[in-house]
Amino acid sequence: MNIIEIKNLKVHYPIRSGFWNRITDEVPAVDGISFNIRAGETYGLVGESGSGKSTTGKSVVGLEKVTSGSILYKGKDITKKENRRRLDYNRDVQMIFQDSLSSLNPRKRIEDIIAEPLRNFEHLSKEDEKLRVLQLLDIVGLDADALYKYPHQFSGGQRQRIGVARAVATHPKLIVADEPVSALDLSVQAQVLNFMKRIQRDFGISYLFISHDLGVVRHMCQNIAIMNRGRLVEIGTRDDIYNHPLHIYTKRLLAAIPETNVDQRAAHRASRLAVEQVYQDEQATYYDHDGKAFPLVAVSPTHSVALPEKLAQQLAQAETKREAQA
Ligand SMILES: Nc1ncnc2c1ncn2[C@@H]1O[C@H](COP(=O)(O)OP(=O)(O)OP(=O)(O)O)[C@@H](O)[C@H]1O
Ligand SMILES: [Mg+2]
């Protein structure tokens with residue numbers, strides 16, 4: 001069952017200029033994307049900086065005015081404000097941001113930060129509210145003395161836990177996590193990812209997990225969409241994307257994952273340069289005349305790639321052959 005269905009979503013930002021501040025152009029930040037998130041899964045949305053990931057995430061939580069297309073939740077289009085209100089959407093769907101220092105109010109104590117969604121959506125007594133906040137701190141592994149502190153008194157990893165505690169306070173069905181660990185050290189990243197997984201198991205939450213790094217989403221996501229200049233260039237299961245990538249842009253993101261094994265570094269560098277060369281040489285094959293990605297074509301029930309039909313099938317067959325030989 002799908003919790004969210006995104007259909008041909010477009011978000012174009014106006015560019016204003018001149019004395020009259022008229023709209024003279026627009027940025028197609030999200031340019032016609034479609035994908036579904038199944039209940040209980042972690043869906044990865046991956047692409048370079050500026051590809052439109054945050055704009056997509058903000059549209060899904062209802063923070064962005066969409067230009068066209070629809071986002072269905074329980075069969076209703078939540079790009080319409082009245083549907084969001086009727087469905088209690090703002091309670092069911094929460095967001096975690098990359099930069100926890102700027103997304104947590106610096107003048108508020110942790111108790112008030114975490115209690116804020118409870119105050120908006122559940123009218124608890126003072127005692128019950130405090131109990132809930134303490135439970136939430138416990139879930140994300142912080143002590144009770146955090147209650148009376150301010151955001152700047154915590155490390156980046158701890159602040160990210162506070163952001164998660166606030167996001168899960170109202171028992172949401174879906175959390176959009178926009179680069180939730182990108183600002184953290186590798187060791188702290190693993191901790192935060194682990195308790196995000198635990199919370200998902202315990203509460204049955206779905207995640208839309210946004211990242212620029214295919215290395216980070218590898219152990220989190222069952223399905224992944226690759227975003228490039230406002231469009232999706234490839235959609236597939238974890239196995240499709242990591243073991244059988246078809247679009248050159250996906251291969252390029254895979255090659256950009258840092259190699260931690262010292263013995264493999266030279267080989268890794270060589271393959272990265274080879275992929276980069278193909279990317280430079282074969283732009284005309286992988287993008288249309290305007291440099292935009294083609295519409296997605298299905299090559300299997302789970303795997304789609306943005307290429308002309310014939311080329312997509314050819315590449316998929318070559319990939320199947322390669323695997324049979326390996
Ligand atoms: N409010 C805005 N007004 C105009 N253009 C915007 C606005 N917000 C984003 N953009 C543009 O839309 C495009 C997509 O931005 P977005 O923030 O969604 O990218 P992103 O994939 O999240 O990138 P990053 O990895 O750097 O966070 C970019 O070209 C950006 O400059
Ligand atoms: Mg972003």
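Which helix supplies the largest share of the shell around ligand 1? Keep that in mind while you make the selections below. The model on your screen is predicted.

**Stop 1: ligand 1**

Select ligand 1 together with the residues around it: Tyr13, Val27, Ala29, Gly47, Ser49, Gly50, Ser51, Gly52, Lys53, Ser54, Thr55 and His212. Colour this shell by class and you will find 3 nonpolar, 8 polar and 1 charged residues. Now show the secondary structure. Strand 2, residues 22-38, and helix 1, residues 53-61, each give at least two residues to the shell. The opening question is answered here: the largest share, 3 residues, comes from helix 1.

**Stop 2**

Go through the pairs in order. Then go to the hairpin of strand 1 and strand 2, where 4 residues lie between the strands and Gly18 has a positive phi near 85°.

Next select strand 4, residues 68-73. It is antiparallel to strand 1, and 4 bridges join them. Two residue pairs can be picked out here: Ile6 has Ile71 of strand 4 as its bridge partner, and Lys7 has Ser70 of strand 4. Show the side chains as you go along a strand. In a regular strand, side chains alternate between the two faces of the sheet.

The remaining pair is strand 4 with strand 5, antiparallel over 2 bridges. Leu72 is opposite Asp77 of strand 5. Their hairpin has 2 residues between the strands, and in it Lys74 takes a positive phi near 50°.

**Stop 3**

At the strand 11 end, look at the pairing with strand 12, residues 304-305: the two are antiparallel, with 2 bridges. Val297 stands opposite Val305 of strand 12.

**Stop 4**

Look for both in each pair.

Begin with helix 5 (residues 110-121) and helix 6 (residues 126-139). Their axes are 10 Å apart, and the packing angle is about 110°. That makes helix 5 roughly perpendicular to helix 6. The crossing of helix 5 and helix 6 is right-handed. Select Glu111, Ile114, Ala115 and Leu118 in helix 5, then Glu129, Arg132, Val133 and Leu136 in helix 6, to display the contact. By class, the contact of helix 5 with helix 6 holds 5 nonpolar, no polar and 3 charged residues.

Move on to helix 7 (residues 156-168) and helix 8 (residues 186-203). Are they roughly parallel or roughly antiparallel? Their axes come within 10 Å and cross at roughly 15°. Helix 7 and helix 8 are therefore roughly parallel. Their crossing is right-handed. In helix 7, select Gly157, Gln160, Arg161, Val164 and Val168; they meet Val188, Gln191, Val192, Met196, Ile199 and Phe203 in helix 8. This contact of helix 7 with helix 8 divides into 7 nonpolar, 3 polar and 1 charged residues.

End with helix 11 (residues 248-255) and helix 12 (residues 265-281), whose axes come within 9 Å and cross at roughly 155°. Helix 11 and helix 12 are therefore roughly antiparallel. Helix 11 passes helix 12 in a left-handed crossing. The contact is made by Ile248, Lys251, Arg252 and Ala255 of helix 11 with Ser271, Arg272, Val275, Glu276, Val278 and Tyr279 of helix 12. In the contact of helix 11 with helix 12 there are 5 nonpolar, 1 polar and 4 charged residues.

Notes:
Residues numbered from 1 in each chain as written. Chains lettered and ligands numbered in written order. Predicted model: local features only at pLDDT ≥ 70, side-chain atom pairs only at ≥ 80, totals over all residues. Near = placed C-beta within 6 Å. Nonpolar A, V, L, I, M, F, W, Y, C, P; charged D, E, K, R; others polar. Pairing = 2+ DSSP bridges. Axes fitted to C-alpha atoms, helices over the stretch in contact; angles between N-to-C directions. Parallel < 35°, antiparallel > 145°, perpendicular 65-115°, else oblique. Left-handed = near helix turned anticlockwise from the far one by under 90°. Contact = placed C-beta atoms within 7 Å.
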